[in-house]
Amino acid sequence: MSTTNVTLCGIELSNPIIPASGTFGYGYEFAELYDINDLGTFSFKGTTSQPRYGNPTPRIAEYAGGLLNAVGLQNPGVDAVISEELPKLAKVFRKPVMANISGFSVQEYVDVCRKLDTCEQVGWLEVNISCPNVHGGGMSFGTDPKAAAEVTRAVKAVTTKPVIIKLTPNVTSIADMAKACEDAGADGISLINTVLGMRIDLKKKAPLLANTTGGMSGPGIFPLAVRCVWQVYNAVSIPIVGMGGVSSSEDVIELMLAGATAVEVGAANLTDPYACKRIMEDLPRVMAQYGINNLHEIIGGAHHG
């Protein structure tokens with residue numbers, strides 16, 4: 001019998017499948033479709049200190065390899081998440097949840113993390129320093145190792161929960177970014193966030209997205225995700241959460257062989273609300289096909305094969 005359990009920053013998951021932030025809301029909508037407790041966990045919608053209405057529309061576009069989005073961190077703010085969203089989630093999800101956190105200053109990251117640290121439901125703080133769709137925050141911290149380290153140290157000082165720093169691929173060396181975060185105290189690394197791109201409306205002869213640029217997601221960026229996870233695994237000794245274009249159980253195994261302990265599924269949830277359920281249920285079959293008995297044993301396996 002195959003063993004799908006993995007341990008992420010000291011917390012055991014029944015399987016490595018994690019719906020990615022921004023594609024699964026606060027969970028309870030998907031709980032109407034299937035039992036989300038079967039998932040390893042999920043990362044809820046990116047949360048900031050104050051409510052955000054996001055970017056103007058249009059903010060979603062297609063490209064041949066997936067989706068381009070510039071939603072802009074739309075969320076009700078951390079206080080509403082704690083008072084309204086988490087109590088609703090508690091009715092349908094019994095496991096620790098991953099809190100995804102964004103900010104426009106080091107102090108905002110600190111304030112949001114401090115508040116969510118008090119929530120028993122929250123198992124991990126996934127600190128997003130990689131969002132390409134906002135101005136003056138997000139990715140501006142994730143493209144400078146010193147700034148990334150500063151956010152990491154500041155957040156670690158106010159929380160007892162594992163801190164996982166989410167990185168952007170829009171850098172010269174993602175391995176250097178990950179190492180800076182590890183040295184500053186990060187408990188784990190999430191990668192990759194979306195890749196900066198844009199489309200042009202041929203009729204209007206203008207950018208298709210109101211934000212001009214947006215984040216590329218979907219199967220088209222999967223090889224980039226594999227490369228980044230591979231490089232970061234060689235650079236750090238803390239767990240990696242891999243993501244980027246994952247749409248099958250085979251993709252999950254590939255990212256784990258590259259070095260991921262757990263795997264987030266993002267854009268696939270937007271085109272198929274049962275994507276995570278399908279991937280999760282198919283995982284034992286793929287494990288058997290490739291002679292894998294225990295997922296924990298294959299983490300980083302391609303580096304030693």
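The largest pocket has a volume of about 620 Å³. The model is predicted.

Me: Which residues are closest to the centre of the largest pocket?

Reply: Start with the general idea. Rolling a probe the size of a water molecule over the atoms shows where empty space is left. Here, 34 residues line the largest pocket, and Ser21, Gly22, Thr23, Asn69 and Thr194 are the closest to its centre. Strands β5 (66-69) and β15 (262-265) each supply at least two lining residues.

Me: How do the lining residues divide into nonpolar, polar and charged?

Reply: The lining of the largest pocket has 17 polar residues, 13 nonpolar and four charged.

Me: Which residues touch the most other members of the largest nonpolar core?

Reply: In soluble globular proteins, nonpolar side chains tend to be buried together. In this model the largest nonpolar core has 90 residues, and Leu8, Leu116 and Ile129 touch the most other members. Helix α9 (residues 275-289) gives this core its largest share, seven residues. Take Leu8: beyond its neighbours within four places in sequence, its contacts include Trp124, Ile164, Pro239 and Ala262.

Me: Why is helix α7 described as largely enclosed?

Reply: Count its buried residues. Seven of the 10 residues of α7 (residues 249-258) are buried, so the rest of the structure largely encloses this helix. The buried residues are Ser249, Asp251, Val252, Ile253, Leu255, Met256 and Ala258.

Me: What covers the buried residues of α7?

Reply: The cover includes strands β1 (6-8), β3 (17-19), β14 (240-242) and β15, along with helices α6 (222-235) and α9.

Key. Residues numbered from 1 in each chain as written. Predicted model: local features only at pLDDT ≥ 70, side-chain atom pairs only at ≥ 80, totals over all residues. Heavy atoms only, no water. 1 Å grid on protein atoms, 1.4 Å probe; cavity = no way out; pocket = protein on both sides within 12 Å on 5 of 7 lines; lining within 4 Å. Points joined across faces, edges and corners; volume = space filled by probe spheres on them. Helix = DSSP H or I, 4+ residues; strand = E, 2+ residues; numbered from the N terminus. Nonpolar A, V, L, I, M, F, W, Y, C, P; charged D, E, K, R; others polar. Core = buried A, V, L, I, M, F, W, Y, C linked by side-chain atoms within 4.5 Å. Buried < 20%, exposed > 50% of the residue type's maximum accessible area, 1.4 Å probe, protein only. Contact = heavy atoms within 4.5 Å.
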